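Dear colleague,

I am passing on the structure we discussed, with notes on what turned up in it. Please read them with the model open beside you.

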Amino acid sequence: MNARTGEDAKTGRWEEYDLTVYAIVQLKMTDRAAYDRYQARFFDVFKKFSGRLLSADENPAVLEGEWDRDKVVLMSFPDEAAFHAWANSPEYLEIARNRKTGANGIVLLAKGFGQG
């Protein structure tokens, strides 16, 4: 778990709380048929975990800089442990083979701001 500590404004006590994490995936398609096989099974696996799919855009607006990718995916998880539970699950690892065959990915895990 990725816990931080902070002083609770109401009680003045220091407490631990979990931070939301965001998985940001940038994909460059290499084998669309393989990626489509991954995508067809993605939600069946994803819904078993505590993540939220926030965006999956194959045409994001590039406002600044160069972007050589074909798709961006944004997911949130209640904490880092929840992300790893999904990403390392046997169910996800099974379908991830098609994602890795179908697209080159850059995967980032960003910590959200705490609420404490």
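Aromatic pairs

With ring centres required to lie within 6.5 Å, the count comes to 12 aromatic pairs. Please keep in mind that this is a predicted model.

One of the pairs is F42 with W86: the ring centres are 6.2 Å apart and the planes stand at 80°, so the pair is edge-to-face, the cut-off for that class being over 60 degrees. This pair links distant parts of the chain, since F42 sits in helix α1 (residues 32–46) and W86 in helix α2 (residues 80–87), 44 residues apart. Both F42 and W86 are buried.

W86 also pairs with Y92. Here the centres are 4.3 Å apart and the planes are at 45°, so this pair is tilted. Y92, like W86, is buried.

F42, W86 and Y92 belong to one aromatic cluster, whose other members are Y35, Y38, F43, F46, F77 and F83.

Helix α2

The buried residues in α2 are A82, F83, W86 and A87. They span an arc of only 130° around the axis, which puts them on the same side of α2. What do the buried residues of α2 pack against? Their partners are the strands β3 (21–29), β5 (71–77) and β6 (103–111), together with the helices α1 and α3 (90–102).

The N-terminal end of α2 is capped by D79, which has a side-chain oxygen 3.2 Å from the backbone nitrogen of A81.

Two further residues

R99 is in helix α3. R99 is buried but has no salt bridge; the nearest side chain of opposite charge is that of D70, 12 Å away, whereas a salt bridge needs a distance within 4 Å. Setting aside neighbours within four places in sequence, R99 is in contact with L27, Y35, Y38, Y92 and G105. Among these contacts, Y35, Y38 and Y92 are members of the aromatic cluster described above.

S76 lies in strand β5. Is S76 buried or exposed? Its relative accessibility is 7%, so S76 counts as buried, the limit being under 20%. Not counting residues up to four places away in sequence, S76 touches T20, V21, Y22, S50, G51, R52 and L54.

Regards

Note on methods
Residues are numbered from 1 along each chain as its sequence is written. This is a predicted model: local features need pLDDT of at least 70, side-chain atom pairs count only at pLDDT 80 or more; totals for chains, interfaces and linings use all residues. Side-chain values use heavy atoms; hydrogens and water are left out. Rings of Phe, Tyr and Trp (its six-membered ring) pair if their centres lie within 6.5 Å; planes under 30 degrees apart count as stacked, over 60 as edge-to-face and the rest as tilted. Helices (H or I, at least four residues) and strands (E, at least two) are DSSP runs, numbered from the N terminus. Buried means under 20% relative accessible area, exposed over 50%, partly exposed in between (1.4 Å probe, protein chains only). The arc is that of the directions from the helix axis to the C-beta atoms. Contact means heavy atoms within 4.5 Å. A polar contact is a pair of N or O atoms within 3.5 Å; within protein, one must be able to donate a hydrogen and the other to accept it, and residues adjacent in sequence count only if both atoms are side-chain atoms. Lys and Arg count as positive and Asp and Glu as negative; His and the chain ends are not counted.
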